[in-house]
Amino acid sequence: MSTYSVESIRNFSIIAHVDHGKSTLADRLLEITGTIAKTDCNKQVLDKLQVERERGITVKAQSASLFYSHEGVNYLLNLIDTPGHVDFSYEVSRSLSACQGVILVVDANEGIQAQTVANFYLAFEAQLAIIPVINKQYVVFKIDLKNADPERVEKQIEKLFDIPVDECIRISAKQGTNVERVLQKVIEKIPPPQFNTTDPLKALVFDSTFDHYRGVIANIALFGGEIQKGHKIVSAHTKKRYEVNEVGILTPNEQPMHKLYAGQVGYLIAGMKEVTEAQIGDTLFMHKQPVEPLPGFKSAKPMVFAGMYPVDHSEYNNLKSALERLTLNDSSVSVHRDSSPALGAGWRLGFLGLLHMEVFNQRLEQEYNMSVILTAPTVPYKAVLSSAKLIKEYGKEEITVINPAQFPDKLSVSEYMEPTVLGTIVTPHKYIGKIIALCQDRRAVQKDMLYIDEHRVMLKYLFPLNEIVLDFYDALKSLSSGYASFDYEDAGYQAADLIKMDILLNGNPVEELATIIHNDKAYATGKFLCERLKDAIPRQLFEIAIQAAIGKKIIARETLKAYRKNVVAKCYGGDITRRMKLLKRQAEGKKLMRKIGNVEVPKDAFIHVLKRQSDK
C-alpha cells in the first residue's frame, strides 16, 4: 500500500435512482480492474445480503478497492456502491463523507427521477466532483432500443444540474460498453484526497459490521497519518483505548494489509466487543496524539415508529441481542424500551420509512432467526403543554409523542404539531391531473411545478408525514402505471388539529390500534378501521361490537355477528312457548359469554388494518 501516494488515490461513490444500474456498473468496474474474475455469475457482487438479492435493491452501502493503471501510472480507486431508495438516503450521505467525487448514473430509458435529484444535491452540498453517466440499460434487446433516448436525458441533466452535455458519458453497464471511459474520467476529474501521512492519525468510522468471532469490524477512511497492527488507538466518542489487531482493504472481500496510509479507505479490527463501541461518525486517533474530532454525519431523523415485541416472551433476551447487532450494521434505526398490556415488554423502533422497516424486519428473520410482532407504524408528533403539572412532570413545555398511548389530553395542551416533508414527484405530464388530486386528498400544499422537458414534470409539495408514510408511494405508482417517482426530505413541524382515536372491542380499548389523526379525517378513518377490523377478527360464539371513539364519543361502529346454533330445529310442532324458552336460554348464554369472553386481534392484523382500501 505504501507504493500508492496520495496523488494516485481516488475515492468515489456511485449514486442514482433505485434500479438505474448502479450495482451492474460496479460489477463491470470490478471486472475491468481485475478485482473479480470475468464470469456470467457476476450479478450484483456487492449486494451481499439475502434481502438485497431477493428484492433486487441495494440496502447497505458496500466498498471495494480497485487497482488500475492509466497512462503508465498505477492508481488505487476506492469505490462505494450506495442504495437508491429514499428510505436509505442516510447510507448515501455516510458514504459521501469518505469520497472526493461521485458517478451519477441516469437510465437512458427513464431519464431523471426524484431520487436522482435528491442524490445530486447531497453530492453538490458536500462539494464533490460529479461525473454524469447515462446508462443505456438492456440496449442488447432491440425492442428497447427505441425507448433509450440519451439526447433527451442529456438535455434534462443540463437543464436541472447545469452540467454541460459534452461531459456526459454514454455507457451500457450490462454489456460493458464504454465503461473503461468512466474509469479514465474518475482519474481525470476527481481530485486526490488532500491529506498527509506526516500528520497525526485521524480516521473516520463510516460503517461497521459485527463478526461473532472477531467482534466489531469498522470501515474507516484515513484523513491523516497511518495505521498498522499493534498501534494503540483511542475513540473520540467513548474515550476507550484499543490495540489494532488487523487492518486491510476490501477487494470486495477482506484483504489484510501491513499498513494503511492517509487518503486510503479500508477496515480495522481492534477487539471492540460491544456493539455500542463502534459509533458511526466516530473519529479514531493515536494514543497520546489527540486530534480535533471530524464533524460527524447529520444524525438520521426517524420518520416512522413502530412497536416491536417477541412472539414468545422467553425469546426476549435473544431478540435484544439480535437488535443490538443489527443496529450496529444499521445505525439509522433508533431504539427505545417500551411495554404494552397486551404484548408485554418490547421496544419502540424508529425507521427512515416503511420499506426500511420491512427490510429491517426481514433481516431480523433471515440473519438472526427472530420472529417478531410489529405494531401499526406511527410518526412523531409534538405537543406544547399548557398544564403546569405536566410541564413539571416532563421538565419542558414541548414534548415529542412517538406512542399514541402517551398522547396528552387536549385540555392540557395549547397546540399540537405534526411533522411535514417536502416531497418531489417526477412524472410524465399525462398523469398530472390524477397525481394532483391524490396530493390534495393527502392534505398537501403545492410549492413548485417545473417542466424538465416536453414530456416530464417535476412537482414539489409540502406533505404532512402521516399522510404519505403508509401507502402514498403505492398509490402514486398505481395512478401513474409505475412511471412516477417520489422522494422527500424533512421540512420541520407545523401546527395541526390532531386528535387521538381509540378502537374498542366490546368496550375495551385495544392500545396497539390507537391512532393519532387529523380532526377532518376522523369520521372517515374511524369507519374504515372498523370495517377492516370486522374482516380481520375471526367470528366468536358471541357478538362483538367494534367501535371507534374520540374520548367518550363513539364516532363509528361495526357489529361482528356471532356463530349461532339453531336451537329450535328440533321443535317441529307444539306450543310457541317451548320455542321462546329455548331462544331465551340461548340469549342468556350468549350474554354471559360476552361478559367473560376475550377477543384477540390476530398478530398480523395491524399493518393489514391500516392499509388504505381506496388506494388499491
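**Entry 1. Salt bridges**

I looked up Glu-243 and Lys-232 and found their side chains joined in a salt bridge, N to O 3.7 Å; the term requires a side-chain nitrogen of Lys or Arg within 4 Å of a carboxyl oxygen of Asp or Glu. Glu-243 belongs to strand 11 (residues 241-243) and Lys-232 to strand 10 (residues 232-235), so the pair ties together parts that are 11 residues apart in sequence. Helices (H or I, at least four residues) and strands (E, at least two) are DSSP runs, numbered from the N terminus.

I note that this is a predicted model, in which local features need pLDDT of at least 70 and side-chain atom pairs count only at pLDDT 80 or more, while totals for chains, interfaces and linings use all residues. Residues are numbered from 1 along each chain as its sequence is written, and side-chain values use heavy atoms, with hydrogens and water left out.

For accessibility I took buried as under 20% relative accessible area, exposed as over 50% and partly exposed as in between (1.4 Å probe, protein chains only). Glu-243 is partly exposed at 42%, and Lys-232 is partly exposed at 37%.

I then examined Lys-410, which forms a salt bridge with Asp-497 at 3.3 Å between the closest N and O atoms. Lys-410 sits in the loop between strand 22 (398-401) and strand 23 (413-428), and Asp-497 in the loop between strand 26 (485-496) and strand 27, so this pair ties together parts 87 residues apart in sequence. Lys-410 is partly exposed at 46%, as is Asp-497 at 31%.

Lys-500 and Asp-502 also meet in a salt bridge, N to O 3.8 Å; Lys-500 is partly exposed at 23%. I recorded a network of salt bridges that links Glu-418, Arg-443, Glu-467 and Lys-521. My search of the whole structure gave 17 salt bridges.

**Entry 2. Aromatic rings**

I paired rings of Phe, Tyr and Trp (its six-membered ring) if their centres lie within 6.5 Å, calling planes under 30 degrees apart stacked, over 60 edge-to-face and the rest tilted. The count is 13 aromatic pairs. Phe-120 is buried at 4% relative accessibility, whereas Tyr-121 is partly exposed at 36%.

Phe-120 also forms a stacked pair with Phe-161, at 4.0 Å centre to centre and 15° between the planes. This pair links distant parts of the chain, 41 residues apart: Phe-120 is in helix 4 (residues 114-125) and Phe-161 in helix 6 (residues 150-161). Phe-161 is buried at 6%.

I found a cluster in which ring pairs link Tyr-461, Phe-463, Phe-472, Phe-486 and Tyr-488.

**Entry 3. Strand 30 and its partners**

I turned to strand 30 (residues 544-550), where 6 of the 7 residues are buried. Strands count as paired if DSSP finds at least two bridges between them. Strand 27 (residues 498-505) runs antiparallel to strand 30, with 4 bridges; Leu-505 stands opposite Ile-546. Strand 31 (residues 553-560) is also antiparallel to strand 30, joined by 7 bridges, and Lys-553 is the bridge partner of Ile-550. Strands 30 and 31 form a hairpin with 2 residues between them, and Gly-551 in the turn has a positive phi of about 65°.

**Entry 4. Cysteines**

Cys-99 is buried at 6%, and Cys-168 is buried at 11%.
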